[in-house]
Amino acid sequence: MAGNYDGKVVLITGASSGIGAVAARMFAERGAQVVAVARREALLEQVIAQCRAHSPNSFYLSGDVGLREFAESIVTTTVDRLGRLDVLVNNAAVSKHKHIYHTRADEAERVLQVNFLSCVWTTLAAIPVMLRQGEGTIVNVSSFAAKLTPPRESLYAASKAAMSAFSEGLWHDLEGSNIHVALVHPGPIDTEIWLKEDEPPSYQGKKYPPEIVVKAIFDCIDRRRYEVTVPQRNPMLMTARFLRLVLPGVLRWGMQRTDPVPREVIDRARQRALAGKRLGETDEC
Ligand SMILES: NC(=O)c1ccc[n+]([C@@H]2O[C@H](COP(=O)([O-])OP(=O)(O)OC[C@H]3O[C@@H](n4cnc5c(N)ncnc54)[C@H](OP(=O)(O)O)[C@@H]3O)[C@@H](O)[C@H]2O)c1
């Protein structure tokens, strides 16, 4: 049974599409005042119009959470306009699915800023607010990739693993404060993130609706759970988790077979290296 969010203030990053947009609507349907954050203003307008049908005070803030000043400002603006912050959902992220040979250093920096540091910046801004209130919840949307790194996802997985480690540390450090921290690990979810990948995804299996992730977020808040992986009973994810614990070498070997590195990718990377190019400078020599 979903909790009652009447009058609660919920700040959601990455709310213009996918999981974040569905979360915004579902929180508003439960009575929450939603602050939706992302870059694409036209989409945010649509999401907030739907939220306002249930909670008229909802609004959006458009900007880049990969910039510290903006990430901090979304917390202060929320509190200035709505007086409090009950739930912070750190959900914004970009995909980064490409061979390491094709990856530039500035891309690495950007992925870490958007996917991980944004969550640190909003959290550090939110903790004093929640301390003053005497309560609050921070939900971080990580990824199953944080638990095992798929081929071509080293940076994306690293950003999510960093988020997971940060969340666990917060859980320890916030003990006794009545600020609850939770971590959600989605598996394959049917959103537009799959269309934004730099190189075609090798995964062709089932994708699940974003609603299951939002239900996991509610579950974390309502039952004060720390960690939820969704979908919970997917045989592929269950097998992977088991192998990760018991036979990690077998898991790595198996995952590598799902997306082996083509010989020509290595050959071309070597040619570029011999020509003195930096990694990621992929215009052929
Ligand atoms: N879909 C999956 O299979 C899956 C699996 C595991 C984990 N996840 C995680 O679930 C979360 C939501 O992803 P999704 O699947 O719903 O994908 P999505 O539809 O692409 O949503 C990503 C959201 O993040 C926002 N965003 C990206 N960069 C931003 C930036 N610099 N500043 C502000 N907002 C930014 C995007 O909005 P704008 O472009 O408008 O800024 C969008 O609203 C992500 O953390 C993702 O890593 C997804």
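I took helices (H or I, at least four residues) and strands (E, at least two) as DSSP runs, numbered from the N terminus. The model is predicted, so I kept local features at pLDDT of at least 70 and side-chain atom pairs at pLDDT 80 or more, while totals for chains, interfaces and linings use all residues. I numbered residues from 1 along each chain as its sequence is written, and side-chain values use heavy atoms, without hydrogens and water.

Overall fold. I found nine helices and seven strands in the protein chain. Its radius of gyration is 20 Å, close to the 19 Å of the globule rule for 285 residues, so the chain is as compact as a globular protein of that length. I took the radius over C-alpha atoms, and the rule is 2.2 Å times the number of residues to the power 0.38.

Burial. I counted 50% of the 285 residues as buried. Buried means under 20% relative accessible area, exposed over 50%, and partly exposed in between (1.4 Å probe, protein chains only).

Backbone. Arg152 has phi near 70°; it sits in the loop between strand S5 (136-141) and helix H5 (154-173). Arg152 is buried, at a relative accessible area of 16%. Asn178 also has a positive phi, about 70°, and lies in the loop between H5 and strand S6 (179-186). Asn178 is partly exposed, at 39%. The peptide bond from Val230 to Pro231 is cis, with omega near -5°. I placed Pro231 in the loop between strand S7 (227-230) and helix H7 (235-246).
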